[in-house]
Amino acid sequence: MEWWQKKSVYQIYPKSFLDTTGNGVGDLRGVIKKLDYVKSLGAGAIWLTPIYISPMIDNGYDIADYTAIDPRFGTLEDFDELIREAKSRGIRIVMDLVYNHTSDKHAWFIESKSSRDNPKADWYIWRDDKTNWRSIFGGSAWQWCEERQQYYLHTFAKEQPDLNWENPDVRRALYDATNFWLDRGVGGFRIDAIVYIKKPRKFIDGAIDSEDGMSSIHNMTAATDGILDFLREFKREVFDGCDIFTVAEANGVHPENLSDWVGERGVFDMLFEFSHVNIMFNRGVEIWHRAQLYKLSEWKKTLTDSQLATRESWYPIYFENHDRPRSIDTFFPSGTDKILAAKALAIILFTLRGTPFIYQGEELGFGNAEFKSVDDYDDISTRGNYNLARADGLSDKQAMKFVRKFSRDNARTPMQWDSSENAGFTSGEAWLPVHEDFKICNVEIEERDDNSVLNFYRRLSALRNSNEVLISGDYEELYPNDEELYIFTRTLGAKKFMAAINFTTHNVDLPAQILDGAKKIIGNYADEKNYLRPTEAAIYEF
Ligand code: NOJ
């Protein structure tokens, strides 16, 4: 077992974690200050979302310099200190690589757009004609450039032009940037939006139009044939032989294809696929007002499929990140008790086979924010989805219902440290409003409460970190067609654990004899019955 398989990863969105300068934006010194907190959760690594120089059109996923820290977050010296301080606590720092696109303020793009024959003319994707592809944040995926009298492609915002991976010089420059961080001692990389780096041949040879209106670029370009050749080269040239882990974000790779991407035959150590978090969206295209209902059995199947597909490799278990709404409002019916729900999801997070990824604040157990108007949201995709809903005929009230449910800003509100103004996040004005519940749900209060979600996370983390069966044991789902309960076991030799979760808001009988020989070791209700109460979840040992 590798070090990154034995402990969880804690994801930090630095902009919203802890501000030590009073400018309303979190920073690296804030992360250094809270390393003991992260350690108390039993994490072995911290994944930092991008901290590079950026105009922040997409909160750092629009990078203007791959090897410099944005002054908002601190300096390279702060970063080196973070690596050292984290290491002394047994924590490694994981950087986010955003290599499908740069910012339009990156020197490479500025040169590329300046003429059709400059040395970087071919570093981005330029064409005379455009197709009707819709970018992921809404609107055309093509942007006209006056200087070059051509269109450039942007899978995401128009300020995020796509790099041309067909050009070997581009790939070399990206490998060099990666080595820069490896040389500083990082523990791994989360690799952004990697499925889009290869554009389909049809597209390279000549622009195609889809039949009607705008057509999602995701459906045209995700995981195109030949992409794995690029990624194998990336692995060979940069990652092979390094004591790090790689985890790629790959919307559009489905469990049945995981073995091409991870493990012995694959290119990454782990892959974030989206089937369980995007189950309400058709084909991974997140058009919020077209979200569909799904059955529990379908959701469980996504988890089981990815568990089985990674039997010989490894899986990153996650319910939240900076792109998702808060999980307790996503995976449980309305009316569910939030504390019970948070603990129930935590039980799944720490008992499936793979590395648990905890997103900052998830361990406190609060739901989505209730901002009033679309103007209160900062996130570019929130505005894109809102506009799409309005263009589709929804009223402001109807569109806002989906914004509140799915906005990425739900996960980006400042970390709730205590009950003081701005939840102890900043002494200035927070860049995004603090969640309205911060006075009842914050680290200071939860540290003192033995029954809090935070302390439940700590106990579960300690349980997983010290039980080989929870780390490497085989996964088996029981009763997959049950629409109320999720039950699975983890087995290693003679040792067996079972997790059982009631996804409803009423009592549900457990299958007969299932608890024979079982001893409950932890659960979100203190005592034990032979049925599961609303949202009850427990782990049993046999
Ligand atoms: C995925 C990132 O997680 C998200 O925050 C970002 O907007 C897009 N990729 C574009 O980089």
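**Cysteines and ligand site of a predicted model**

Q: Is Cys-441 buried or exposed?
A: The relative accessible area of Cys-441 is 7%. In this predicted model, local features need pLDDT of at least 70 and side-chain atom pairs pLDDT 80 or more, while totals for chains, interfaces and linings use all residues. Numbering runs from 1 along each chain as its sequence is written, and side-chain values use heavy atoms, without hydrogens or water. Because buried means under 20% relative accessible area (exposed over 50%, partly exposed in between; 1.4 Å probe, protein chains only), Cys-441 is classed as buried.

Q: How many disulfides does the whole structure have?
A: A disulfide is a pair of cysteine sulfur atoms within 2.5 Å. Searching the whole structure for disulfides gives a count of 0.

Q: How many charged residues are in the shell around the ligand?
A: The residues surrounding the ligand (a heavy atom within 4 Å) include Tyr-61, Phe-137, Arg-190 and Glu-249. Asp, Glu, Lys and Arg count as charged; Ala, Val, Leu, Ile, Met, Phe, Trp, Tyr, Cys and Pro as nonpolar; the others, Gly among them, as polar. The shell holds 3 nonpolar and 2 polar residues, and its charged residues number 7.

Q: Which residue has a side-chain N or O atom 2.7 Å from an oxygen atom of the ligand?
A: A polar side-chain atom of Asp-192 is 2.8 Å from a ligand oxygen. For Arg-408, the side-chain N or O atom lies 3.0 Å from an oxygen atom of the ligand. The residue at 2.7 Å is His-322.

Conventions: Polar contact = N/O pair within 3.5 Å; in protein donor to acceptor, adjacent residues only side chain to side chain.
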